[in-house]
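Subject: Structure handover

Hello,

Here is the structure I promised to pass on. Please open it alongside this note.

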Amino acid sequence: MNIHPFSKIIAGTMTWGVWGKNLNEKQMINLIHCCLDNGISTFDHADIYGGYTTEAAFGSAFKSSTIDREKIQLISKCGIQLLSYNRDNTVKHYEYSKKYIIWSAEQSLKNLQTDYLDLLLLHRPSPLMQTDEIAEAVTYLKKEGKIRDFGVSNFTPSQTDMIRMKTDVNYNQIQFSVTDLAAMLDGSLDHMQLHNIRPMAWNPLGSVFRNDQEKSIRVYSQATIIAAKHNVSLDLILLAWIIKHPAQILPVCGTTDLDRISKLMHATKIELSLEDWFSLWEASIGNKVP
């Protein structure tokens, strides 16, 4: 696998701003410190979070925190054009021209009050994306020292390969959890392992805590049994299940709860037995594994 600078658990910032907890600057500073104090040094952003406002709120908090920039890693994404009072858009769409990618990355740098991104991701694939334009933008941003690495998010293997023909793709941030198994079964994670692309998993707890679907109830019940065996909280078992996969997946956790954050890295130390791992897969599909 490619050498990467990121913590084994990544802090997702989508709900830090107006799309969620609407944290003030002091609360954001406390949250950043809590993450760092507990071994989480990587922060996942996207330009669209908070309707294009959360990056700037984080950037202001980070500057006020006086934390050394080299002690954290910043990821951001670009490409989604939302209907927002901050954009003059008439329909949600994707924009991947060379000019736009460069402009968007530079806006993220300005908002985050930093000179570089550790990683820039294309947020979602567009049928109209031109791989030459993407590659030229990435080459420019790397040459100027504005991004250190490049990847994609929610891209299929074939979409990733189109871009890989023109420039290196080292990461793909995908939806993956014990209740969202598609990437494990459709060849996506196999493809990433074949090509040294490091997966990141958004929504790593899946639907387990969110609804009363039969799948969620089954997984919750089985994970509770395993959590008792390891004397940890249920969410850590769900993360450990992801981490056990040989693709070396990095979960992106969006919690703003300081107590939960203080425990997240324990998931990287849990050794699930083979049978416990498969029992959670079985609980997810509601049948014996194929």
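How many bridges join β6 to strand β7? Three, and the two strands run parallel. Strand β7 covers residues 150–153. Strands pair if DSSP finds at least two bridges between them. Helices (H or I, at least four residues) and strands (E, at least two) are DSSP runs, numbered from the N terminus.

Some ground rules. This is a predicted model, where local features need pLDDT of at least 70, side-chain atom pairs count only at pLDDT 80 or more, and totals for chains, interfaces and linings use all residues. Residues are numbered from 1 along each chain as its sequence is written, and side-chain values use heavy atoms, with hydrogens and water left out.

**The barrel**

Eight strands form a closed barrel with parallel pairing. The order is β1-β2-β3-β6-β7-β8-β9-β10. From one strand to the next, the twist averages 25°.

Look at β6, residues 119–122. Leu119 and Leu121 point one way, Leu120 and Leu122 the other. All are buried (under 20% relative accessible area; exposed is over 50%, partly exposed in between; 1.4 Å probe, protein chains only). Leu120 stands opposite Phe150 in β7. On strand β3 (residues 73–78), four bridges pair with β6 in the parallel sense. There, Cys78 stands opposite Leu122.

Gln175 has Trp202 of β9 as its bridge partner.

**Two helix pairs**

Helix α1 (residues 25–37) packs on helix α3 (residues 54–65) at about 70°, with axes 9 Å apart. Axes are lines fitted to C-alpha atoms, for helices over the stretch in contact, and angles run from 0 to 180 degrees between N-to-C directions. So α1 is roughly perpendicular to α3 (65 to 115 degrees; under 35 is roughly parallel, over 145 roughly antiparallel, the rest oblique). Contact means heavy atoms within 4.5 Å. On the α1 side, the contact includes Met28, Ile29 and Ile32; on the α3 side, Phe58 and Phe62 are among the residues.

Helix α9 (residues 214–230) and helix α12 (residues 274–285) cross at roughly 160°, their axes coming within 7 Å. That makes α9 roughly antiparallel to α12. Among the residues that meet are Arg218 and Ile226 in α9, and Asp276 and Leu280 in α12.

Best wishes
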